[in-house]
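Welcome! Please take a look at the sequence and the model before reading on.

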Amino acid sequence: LRIGSLQKEKIILKDSLKYIPLFGWGMQMSLYIFLKRKWTEDENHLTNMLTYFGKMHYPVHLILFPEGTDLSESNKKRDRDYSEKNGLPINKYVMHPRTTGFVHCMEVFNETYNTGISVCDITIGYNGKITQGEKEVLQGDFPSEIHFHVKQFSPSDLHPVTKEHL
């Protein structure tokens, strides 16, 4: 990591995490973006945060998890239902990404930043136990191995990402 690069990292997280003593406060001070997972409430907040970063000429490495981070049985069932409804393959180890927030971020970045942006797709694989919640993490219950598959897309690799292109 380059010196100072962590200041650029902005993670989109669920709103309840900002209330964790010390960690939540630190994430708020680092200007992480907290969402309630209700688009009617989150759209304006997300737009305001991303626009603020752009107007301040603040370089941002935005990290989001469009498929979520919880591979619980209820979420797997919801993903299976979504797959069947939309004619998509049923996955065993990953969920289909929800694209509304990602597309919105791309639209705001394209409007706000003068330079091209790149996208880095990171797929995380776990060997052994898959941690399902904050409680397990705090108890030190981690998988035995974590694998990352990283693919970066330059601005020229990206098709225009708008609601109309989905």
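Here is a short briefing, grouped by topic.

This is a predicted model, in which local features need pLDDT of at least 70 and side-chain atom pairs count only at pLDDT 80 or more, while totals for chains, interfaces and linings use all residues. Residues are numbered from 1 along each chain as its sequence is written, and side-chain values use heavy atoms, with hydrogens and water left out.

**Helix α4 and the cysteines**

- Helix α4 covers residues 100-112 (helices are DSSP runs of H or I with at least four residues, strands are runs of E with at least two, and both are numbered from the N terminus).
- Its 13 residues should span 18 Å at 1.5 Å a residue, and the end C-alpha atoms of α4 agree, being 18 Å apart; the expected span is 1.5 Å times one less than the number of residues.
- The buried residues of α4 are Val 103, His 104, Cys 105, Met 106, Glu 107, Val 108 and Phe 109 (buried is under 20% relative accessible area, exposed over 50%, and partly exposed in between, with a 1.4 Å probe and protein chains only).
- These buried residues pack against β1 (9-14), α2 (39-55), β3 (61-63) and β4, where contact means heavy atoms within 4.5 Å.
- Cys 105 is buried at 3% relative accessible area, whereas Cys 120 is partly exposed at 40%.
- The structure has 0 disulfides (pairs of cysteine sulfur atoms within 2.5 Å).

- Phe 65, Ile 122, Ile 124, Tyr 126, Ile 130, Ile 146, Phe 148 and Val 150 make a nonpolar surface patch of about 720 Å².
- Two or more patch residues come from each of β4 (119-127) and β5 (145-153).
- Patch residues have over 30% relative accessible area and no salt bridge, and their nonpolar side chains (Val, Leu, Ile, Met, Phe, Trp, Tyr) are joined within 5 Å, whereas like charges are joined within 9 Å.
- A salt bridge is a side-chain nitrogen of Lys or Arg within 4 Å of a carboxyl oxygen of Asp or Glu, and accessible areas come from the Shrake-Rupley method with a 1.4 Å probe.
- Phe 148 sits in strand β5 and counts as exposed at 56% relative accessibility.

**Loops around α1**

- Tyr 32 lies in the loop between α1 (23-29) and β2 (33-35), and is buried at 19% relative accessible area.
- Leaving out residues up to four places away in sequence, Tyr 32 touches Glu 9, Lys 10, Ile 11, Leu 13, Met 27 and Met 49.
- Leu 31 is in the loop between α1 and β2, with a positive phi of about 60 degrees.
- Leu 22, in the loop between β1 and α1, has a positive phi near 65 degrees and is exposed at 64%.
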